[in-house]
Amino acid sequence: MAERHGMIEPFEPGQVKEMGGQRIVSYGTSSYGYDIRCSDEFKLFTNINSTIVDPKNFDANSFIELKSDYCIIPPNSFALARTVEHFRIPRNVLTICLGKSTYARCGIIVNVTPLEPEWQGYVTLEFSNTTPLPAKIYANEGVAQVIFLESDEVCETSYHDRSGKYQNQTGVTLPKI
């Protein structure tokens, strides 16, 4: 379905486990899902401005923008990134995204809300470093697995139908209301 309908671009039909002769955190098609990659665009949270974190009035100055092959997240902090892959979710599909065990076993939590029917764009990823030490996230390597749930009928109202606020996002997208 991903290849036929352009659901994931770029799409990797197999599981990639090394790059340039080096082992990497795998990405690509897995048993019942797809392991997504993190791009090299990061927004690293900083408390330098000592502002309140308010989802209704989020201060973009709370982040430092970084373009790099990796991101080091300070202890008990977080970073935002986006996927390498662009998604087009069909009207009869819902996805759930879970962090890869390689990162989870290092105390790094990957959070992504479900991709709803007819949502499309690059996925904004949130990485929480729950440890008392700095944590490293690698760009262009696997970070999470998307699991696809296909319904036997289409939904009554899709994300596109209700003009969802995160539709067609291209970069790392901050909270909106």
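**Chatting about a surface patch and some salt bridges**

Me: What's the relative accessible area of L149?

Reply: L149 has a relative accessible area of 40%. This is a predicted model, by the way.

Me: Okay, and which strand is L149 found in?

Reply: L149 sits in strand β12, which covers residues 142-150.

Me: Which residues form the nonpolar patch with L149?

Reply: The patch on the surface is made of L149 together with L94, I96 and L98. Together these residues have about 300 Å² of accessible area.

Me: Which strand gives the most to that patch?

Reply: That's strand β8, residues 93-99, with three residues in the patch.

Me: New topic: charges! How many salt bridges are there?

Reply: The count comes to nine. Side chains of opposite charge can pair when their charged atoms come close.

Me: What does R88 form a salt bridge with?

Reply: R88 pairs with E9, and the closest N and O atoms are 2.8 Å apart. This pair links distant parts of the chain, since R88 is in strand β7 (residues 78-88) and E9 is in strand β1 (residues 8-9), 79 residues apart.

Me: How accessible are those two, R88 and E9?

Reply: R88 is partly exposed at 31% relative accessibility, and E9 is partly exposed at 38%.

Me: And what about K67, which side chain does it meet?

Reply: K67 meets D40 in a salt bridge, at 3.1 Å from N to O. Here too the pair links distant parts of the chain: K67 lies in strand β5 (residues 63-67) and D40 in strand β4 (residues 33-45), 27 residues apart. K67 is exposed at 61%, whereas D40 is partly exposed at 22%.

Me: Which residue pairs with K43?

Reply: K43 forms a salt bridge with E65, with the closest N and O atoms 3.0 Å apart. K43 is in strand β4 and E65 in strand β5, 22 residues apart, so this pair also links distant parts of the chain.

Me: Is K43 buried or exposed?

Reply: K43 is buried, because its 14% relative accessibility is under 20%.

Notes: Residues numbered from 1 in each chain as written. Predicted model: local features only at pLDDT ≥ 70, side-chain atom pairs only at ≥ 80, totals over all residues. Heavy atoms only, no water. Patch = residues over 30% accessible without salt bridge, like charges linked within 9 Å, V, L, I, M, F, W, Y side chains within 5 Å. Areas by Shrake-Rupley, 256 points an atom, 1.4 Å probe, with all protein chains shown as cover. Salt bridge = Lys/Arg side-chain N within 4 Å of Asp/Glu carboxyl O. Helix = DSSP H or I, 4+ residues; strand = E, 2+ residues; numbered from the N terminus. Buried < 20%, exposed > 50% of the residue type's maximum accessible area, 1.4 Å probe, protein only.
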